[in-house]
Amino acid sequence: MKRILQSLGVSIAVCMVSTLLANLLVLAQGFVLPPPPLPKINMSSHPLLKNFMWRGIGPASMGGRIDDLAVVENNPYTFYVGFATNGVWKTTNNGTTFEPIFDSYTNNSVGDLAICPQDPKIIWVGTGEANNRQSSTIGDGIYKSTDAGKTFTNLGLKDSQSIARIVTDPKDANVVYVAVPGHLYGANTERGVYKTTDGGATWNNIKFINEDTGFTDLVMDAVDNKTLYAASYQRRRTAWGFNGGGVGSGIWKTTDAGKNWTRLEGNGLPEDKVLGRIGLDVSRSNPNVVYAQIEVGVSAGTGGGEEQPGSGQAGQGGRGVQTQTPSSPPDMKKSGVWRSDDKGKTWKIMSNNNDRPMYYSQIRVDPKNDQIIYTGGAPFHKSTDGGKTFKIVQGIAHSDHHAIWIDPQNDNHVLLGNDGGLDISYDQGNTWEFVNTIPASQFYAVSADLRKPYYVYGGLQDNGSWGAPSATRNPLGITNPDWFRVGGGDGFYTQVDPSDYNIVYSESQNGALQRLDLRTGRQVSIRPRAPQRPRAPQPQAPGSATGASSVTSAPPTGNPGGVQSSGQSGASASTPAASPQQPPAPAFGGGFAAGPPNVVPTPPVGEQFRFYWNTPMQISPHNPQTLYVGGNKLFKSVNRGDTWTATPDLTKQIDRATLPIMGVAGKEPMASKHDGAGSYGHIVTLAESPVMPGVLWVGTDDGNVQVSRDGGVSWKNVVENIQGAPTHNPHISRVEPSHFDAGTCYVSIDAHRQDDFKPYLFVSRDYGASWTAIANNLPETGNVNVVREDPKNKNLLYVGTEFGFFISLNGGASWERLMNGLPMIRIDDILIHPRDNDLIIGTHGRGIYIMDDITALQQWSDKVNDAEVYLFEVRPGVQWLADVTLSRAVGGAKFYRGANPAPGTAISYYLKAAPEGEVKITISDITGKLVRNLTGTKEVGVNRVQWNLRGETPTRPAAAPPNFGGAGGGQFGAFLGPAADPGTYLVKLNAGGKEYTTKVVVEADEGKK
């Protein structure tokens, strides 16, 4: 009996082990996935930098601006997505998964895509967004791939800066036409219609108008490859506004493949001499039918804060009729949709559908039915009667639609690209699938709190402000559901109270500041406000709600910068104040309603404050209840924004009505006038010295650098002392006071609004009395958006440019590109976490990236450089616990995962030369007992070995399945060593026959808070 029981016990034990292994194997195969690999792209060869990697955390739940879509027509499961600032992404499985294919090239802004009809392996990418936004960036020409996107070659047009359309000849793969709008901020000759007949080896400008006028659209007749229609576009953006039209704009036609062009005029086309942007399309099913969406005459640009004759409400001009009925005949003196049934000989206006033409102007004809057309815009429009009437297409996750593709084989299948990403319909727009797996978010600014793990926050172009943990207690990593919204409108600056992480500040355009309490969800508007003039009752239209009015009063004369009298550019000032228990209702662009005055002493009635598109703000580094916000004045609050004091106006106070744009006097009407630029003359960057309270720096968009040494009582403009700075009132992109000396400040200047993309970077060590240029070996093209000094190493500087991230180890004497795993992307903000020593960046196109633990770089010094071997101090490691509330069922491949940091902490050491023999690392507890042996690398430079805070790995059981313990080396705990207890451990490095020691602290997880 005893022998039987022993046998039974062994069998039960074997069964239990087998069951455990089987259950763990199920977890390994079905529920817990390996961490996403960090891409090995754009790697540095610098010995001190090559082992530091960026990891992306998203988000993908709110996308970024898509400029174009290109689909393989005989296999629509394969298509390409071109982003304004996020490169090109490819899918071969109808959007289940995407792969970035343009990350290692010198530019990540896409204007247009095209696929060769004869050979879908030939892909064309035109770089440089053509949508005329104040945030648009530039391209560096046209690229070609002959292997379906595996590799690309730049084939010229490098000074085009923007490419709007690429048309490939369906009968000859070597013939390609390109519409080039040219420079947005200046005149240039490389604009017009270009053609190649040798596959891009050479290009000929086959239609040039002048240095101010390029081409924004181009379409080919579906049956006659020699007939093309082109839309010319005269426009110019400046630092203070926009002129979106002129006599150069128009429609052109060629019937001999571009040898000769005829301008189409009269015969039903608008007679106004001032035309703006024009969108074109030709019907596939009936090539006699041509559609044109035309911007006609002068108008106020959206959010421009300018009243135009006949344009209606200030700041809302250019928005056409959204839904029109046959009982309201279209007005050909206004923007709208025209149709030709005879290949452009005669035209008829169909409707006044044309939403914000300078930004959209996209019209597409159903390839099977010339009566069905779609137009882009803030809402997406569809017409089924040839453009006579339009309905807003519902059920789409986002607005602002720029890219439309209709399947020529199945017109129920529609792809739609917008400022929020990609949407797909399989029933001609009745229902939509939102594809939220591409991290395309366009951050302007980032912040972080002091939780463990800390949370990051940031504001997104057209997608509000959001927050998420920098790491999760979940092996899946950081997923879309981990992100939560903290602000509306276009998100820009966020700040988190360092003494109370539940207090989060966010800001959307034109100074719409909010304070949010995460505990209660209570959100209040803290925008600085002056008393407003009483508004006269507005006449009510029949059937309108009593008291509802959106008409603003005319601005007073002598108004510097040209802001609306409401003080809220782009927003209706009559909107009632929001309840503090809920977010206020946004007007266009997230502007929020006015309330009682909160500036003391109380300003005069009707005084207007000007706020920049992305209004800067900062919590004082000396008092968490003190908040600074920049308008045309610097506002300071000592009670978290409840009340404010204000300085004098710190801008140049230039009246933009005196500034011409493209030969038109500033006070004169223009097409889409000042679109997106509500006023001029703002503080665009501000900071208080971390060393000395009351030392304040501000920079303005009209070229001032002001410093105060007495808390804002008096100011000195020191910009004239910056020798080598660009002239003509350049935009001061960042002021960065030193963490080590009260008189030291770094300043970056962005002159791209003067069509100058050089980097400008300076430092002063005497409160601005003198300056030294430190741009040095930064690339000649790439304006500087942000500069930061490391808070723990005064020689360690960081720069974010239009084309990547750079670091200096010697105070700016020289710079190194540091992109390891990062695409060639625009960097808009940089933050060094004060406790964890992580480097955090906000990219304008690929979300937030974190470089974990730069402690070794912060400790770099001449002493380290002179040593043969140097063991750096080790950052504390945390024994993170699993959070079962984050356990989520994940099926299939259609979901996004941001990467968690590697578990444990990095042990970093410097080697001047590769030593003989192995490099060994041992970790012991305070009693001297060995905990872990690690083998180190022995590369010249900084080496990093990750200790996972565990002891030696036990021997693998022979009965374990072959793939058990995979997916990260047994991350399920079966074959990991025992977790190290919280406490202090001794680290010994043996290299070159010598021993070096330091300590590492293992901390317990404090748990969720």
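This report describes aromatic contacts, strand pairing and cysteines in a predicted model.

**Aromatic rings**

The model holds 24 aromatic pairs. One of them joins Tyr 105 and Tyr 143, whose rings are edge-to-face, with 6.0 Å from centre to centre and 70 degrees between the planes. Tyr 105 belongs to the loop between β5 (99-100) and β6 (110-115), while Tyr 143 belongs to strand β8 (residues 142-145), so this pair ties together parts that lie 38 residues apart in sequence. Both Tyr 105 and Tyr 143 are buried. The two tyrosines are also members of one aromatic cluster, together with Phe 102 and Phe 152.

Rings also meet charged side chains. The table lists two cases in which an arginine lies over a tyrosine ring.

| Arginine | Tyrosine ring | Distance to ring centre |
|---|---|---|
| Arg 133 | Tyr 359 | 4.8 Å |
| Arg 451 | Tyr 455 | 3.6 Å |

In the case of Arg 133, the charged end of the side chain is the part that sits over the ring. Arg 451 lies over the face of its tyrosine, Tyr 455.

**Strand β6 and its partner**

The loop that carries Tyr 105 leads on to β6 (110-115). How much of β6 is buried? The strand is mostly covered, with 6 of its 6 residues buried. β6 pairs with strand β7 (residues 123-127) in the antiparallel sense, over 5 bridges. Within this pairing, Ala 114 stands opposite Trp 124 of β7.

**An open sheet of four strands**

Another region forms an open sheet of 4 strands in the order β14-β15-β18-β19, with antiparallel pairing. Which strands form its edges? They are β14 (213-220) and β19 (262-264), each of which pairs on one side only. On average, neighbouring strands of the sheet are turned by 30 degrees against each other, with direction ignored.

Further in, strand β15 (residues 228-234) and strand β18 (residues 250-254) pair in the antiparallel sense over 5 bridges. Ala 231 has Ile 251 in β18 as its bridge partner. In a regular strand, side chains alternate between the two faces of the sheet.

**Cysteines**

A disulfide is a covalent bond between the sulfur atoms of two cysteines. How many disulfides does the model have? The count is 0. Among the cysteines, Cys 116 is buried, with a relative accessible area of 2%. Cys 745 is buried too, and its relative accessible area is 0%. Both values fall under the 20% limit for a buried residue.

Definitions and conventions. Residues are numbered from 1 along each chain as its sequence is written. This is a predicted model: local features need pLDDT of at least 70, side-chain atom pairs count only at pLDDT 80 or more; totals for chains, interfaces and linings use all residues. Side-chain values use heavy atoms; hydrogens and water are left out. Rings of Phe, Tyr and Trp (its six-membered ring) pair if their centres lie within 6.5 Å; planes under 30 degrees apart count as stacked, over 60 as edge-to-face and the rest as tilted. Helices (H or I, at least four residues) and strands (E, at least two) are DSSP runs, numbered from the N terminus. Buried means under 20% relative accessible area, exposed over 50%, partly exposed in between (1.4 Å probe, protein chains only). A charge sits over a ring if NZ of Lys or CZ of Arg is within 6 Å of the ring centre and within 35 degrees of the ring normal. Two strands pair if DSSP finds at least two bridges between them. Axes are lines fitted to C-alpha atoms, for helices over the stretch in contact, and angles run from 0 to 180 degrees between N-to-C directions. A disulfide is a pair of cysteine sulfur atoms within 2.5 Å.
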